[in-house]
Amino acid sequence: MSGTASESPVSSQASRQEALLRLARRRSADARARQGRPAPAAADAGEGRAPLSHAQHRMWLMERLGRGGAVYNVPFATRVHGPFDADAFGRALTGLVRRHEVLRTRYGQTAGGEPYQEVTAVRQVPVRTVDADADAARRLLDVEAARRFDLTAGPVLRALHVRHAPDDHTLLLTFHHIAVDGGSLDVIARELGDRYRAELEGRDGEPEHPAPRYADFARRERAGSDALDAGLAYWTERLAGARPVPLPPAAAETGGRGEARTLSVALPPGTADGLRAAGRAQRATLFTVVLSAAFAALREATGEEDLVLGCASSHRDTAGARDLVGLCVNTLPIRPRLSGAGDAAALLPRVRDALLEAQHHRHVPFDLMVERLGAAARDGGGNPLVGVTADVLSRPPQLRLAGARCEPVDVELDGVKFGLGLYLEGVEEGADAAGPRCLVRFDRGRIDEGAARGLVEGFADVLEALATGRRRPLRETSQGPRIPASQEPESPQEAQKPQDPSEPENPQGPQDRQKPQDRQKPQPSREQEPGGSAEAVAAVFGELLGERPAPDGDFFLLGGHSLLAVRVAERLRERLRVPLTGLDVLEQRTPQALGALLDERARARRSPAARTAGARTPSARAGTVLVTGGTGGVGAFVLRELAARGRPVRALVRPESAHLVAADGVEVAEGDLADADSLRAALAGGVDSVIHAACTFTSPEVDVAAMRVLLEGWRRGAFVFVSSVDAYGRPSVTDVAEDTPPEEPLTAYGRAKLDCERMLWEAAGTAGRGGAAVVRAPIVWGPHPRLRDQLRWGAPGALFQAARAGRPVVLPAAGAVPASGDPWSGVPWIHAAALARVLVTCAERPAQGTVNAIGGHVGWEEFATELVRLLGSPGGVVASPERAPGLLHRHRYRAEALAEELVERPGEDWRSAVAAMLAL
């Protein structure tokens, strides 16, 4: 509140008090964030679980089907010329996340398989700083922007600061699309700039009014679904008989599904002004003119006069949505009347009218349209009704930071949301002097590149004609409609496959457009023909669909849908330990076909030819690091750290978990510690170093045998082994340094670690092998489901279970630490991110010895007290004289060799780590 000349002393004093109160509240919230403590429930946790909006549900389903990946990441990068205060920026970013709950929301799943969103506690947002010159930064930005998010655990925001020089920086914020859209970035850029300036000036940057909550938006949308019958009736009638755009199919060798390619054509200066003038003459916007040109180009390319294109529509026209951060978009199918139009200009009023009519019903969620259309929402070949889009691309929002000159940085991700997109860019005020560009971005597995080039050239010609007023007759194709015969359904049953609500944003490739009875299916071996995996599939179908099908029973005709396909895949992965995704279920559809696919994958995994280095084993890229345990609590953080440093990665993961790491930049090697052949195959192809993080914890003989196989296959580079402080046994000294010899008693787990260490030292430096490092780690904490489970069921499990149940947390009496008399009983610990830094550093510069990775030590009483507070447990903490061997850990460990990598970063204190695990 700003003062005026007429403001009274009383009101001025009240204004100062109000400002001080806001400042105190913000500082209090920041302190809680630094300590990992949740803010008060009213300001932090919202109202518990909320449903997903319809747009979010599509995004979530894409992830569950295994079709999300980096294509739904939203990078927002800025080059900063001038001074930059990383700490002030981190505080501003934390304040932004505190204000907008959707940026600290995770996406869980009920026991019944329904997704929900849940706001997590406020925690300080880490801003990772990396030093790199401008050339090296490009690779860092690309890798960071492409890293996948874990929607179940969160967060949905990452921050990277690349420092090129003291006055030259690049900032990259990466969001998941489930939390933001284009309008959200405008809000984020504006508020983040304001907060950063306030931090530099030492004042409160909190906006006066609270931010609208996205969970409330989702609740309102879901509550209004029952009132959409009139709109759904309109769309059902409007889209009756519509077919997907019959794109010229791609050749088999041109590329796989989801591989993106962009072609562009420069337009003459003044084109944008000419297009705006053409629109004004027809009472149409620039976007409408571009959409008309897209329809004209597609009509010429396909010979079709009945086409449907999708365009984005925003829900930000409602009250209070201006400052809302969240996913507020919808897809509108546009189906104008094209027949009889002799030239491109004649299409413009028709497209305008169809677009205006569609916008009258824009609040009907697209997935509800798909649900109402049922089997009519796709053709018999599986192609979605809305697989082509058009748009005008504007400049991205620009982050402005006080005291510096900022400019946006383009970070382009691989992958496509639509099979084909036709776009116009460079039309902002002042940009037309250089001339805009028209682009065609396409899925190389969906359309032939030659056809795409013809499309972009035709699109450019139509735009230029509309801009100059030149009459341009629409050319007729000599071949007639280009609909591949395989797209025509042959029977009512063939047309019954309903469309996945997410598919308009990522259409299927040509290999999936065949009819199921024509598709080349893998054949089961003779011993598997009587039953095999098909029996398991039929059993799971019966459990989830309520009816056990015949071998050729169709998943969709039995009442299946996309969400159930995800659950079928998850259950079959658990039972058969063979990789499978929800998309596989959608494509194979019957127990016989799906069982044959599973049998084929199982045979391929068992085949010796697939396990040895040879023609079928891909060669590793230069610098490739093999990481075992890629989906474990440590391995997942190691993958992130390697990606941040630009290192190519091959991850050894179990087949049922392969989909969790199968993203750009990560090569998957399916295997298991108990499967020696899979370990040998993972090392084949020339990996340059190994980080062995996998461990059974409960089967020492398996761990030792796996280590032996890995060392036999290790040929060059560094080998980093993740050991444990249990390998020290029970030393007689209080402070355990990195050269302290092991002493009995050793647990079976600790002895196995020590045996593996000895084997490594025997192999290191021989037969061309490189250096080695043993990293002994204590209990590992951090935001990951596996680490959360260790917190609940591992050494601290008894404390956690008691606190969660509201019972008193009973601790053993503190005893004297050997040789010091210190009455302490606790545990050494490390944050998973810090351990990952140590491991990757050792892979790059082998320590040639044993190092400790210790983040600190926490007493059990201190830990239990914090646990009780975080869980709101009424039981409290009480001491007991009884022994509790799992908790009697009275040594302290020194970490000296790599102390620099272990320096605590924001969010890596033990309280923050425990709070993060409890929030999962």
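**Close-up views of a predicted model**

**View 1. Arginine 128 and glutamate 144 come together through their side chains.** The two side chains are joined by a polar contact of 3.3 Å in this predicted model. To find your way, look for strand β4, residues 127-131, where arginine 128 is located. What else is arginine 128 in contact with, leaving aside its neighbours within four places in sequence? Besides Glu144, the list holds Ala159, Leu160, His161, Ala644 and Arg905.

**View 2. Helix α13 runs from residue 449 to residue 468.** Start at the N-terminal end, which is capped by aspartate 448. Here a side-chain oxygen of aspartate 448 sits 2.8 Å from the backbone nitrogen of glycine 450. Follow the 20 residues of α13 along, and the distance from the first C-alpha to the last comes to 29 Å, close to the 28 Å expected at 1.5 Å a residue.

**View 3. Helices α25 and α26 pack against each other.** Residues 860-871 form α25, and residues 910-918 form α26. Their axes lie 11 Å apart, at an angle of about 40°, which means that α25 is oblique to α26. The crossing of the two helices is right-handed.

**View 4. A closer look shows which residues of α25 and α26 meet.** On the α25 side, find Glu862, Phe863, Glu866, Leu867, Leu870 and Leu871. Facing them from α26 are Trp910, Arg911, Val914, Ala915 and Leu918. Sorted by class, this contact has eight nonpolar residues and three charged ones, with no polar residues.

How values were computed:
Residues numbered from 1 in each chain as written. Predicted model: local features only at pLDDT ≥ 70, side-chain atom pairs only at ≥ 80, totals over all residues. Heavy atoms only, no water. Axes fitted to C-alpha atoms, helices over the stretch in contact; angles between N-to-C directions. Helix = DSSP H or I, 4+ residues; strand = E, 2+ residues; numbered from the N terminus. Parallel < 35°, antiparallel > 145°, perpendicular 65-115°, else oblique. Left-handed = near helix turned anticlockwise from the far one by under 90°. Contact = heavy atoms within 4.5 Å. Nonpolar A, V, L, I, M, F, W, Y, C, P; charged D, E, K, R; others polar. Expected span 1.5 Å × (residues − 1). Polar contact = N/O pair within 3.5 Å; in protein donor to acceptor, adjacent residues only side chain to side chain.
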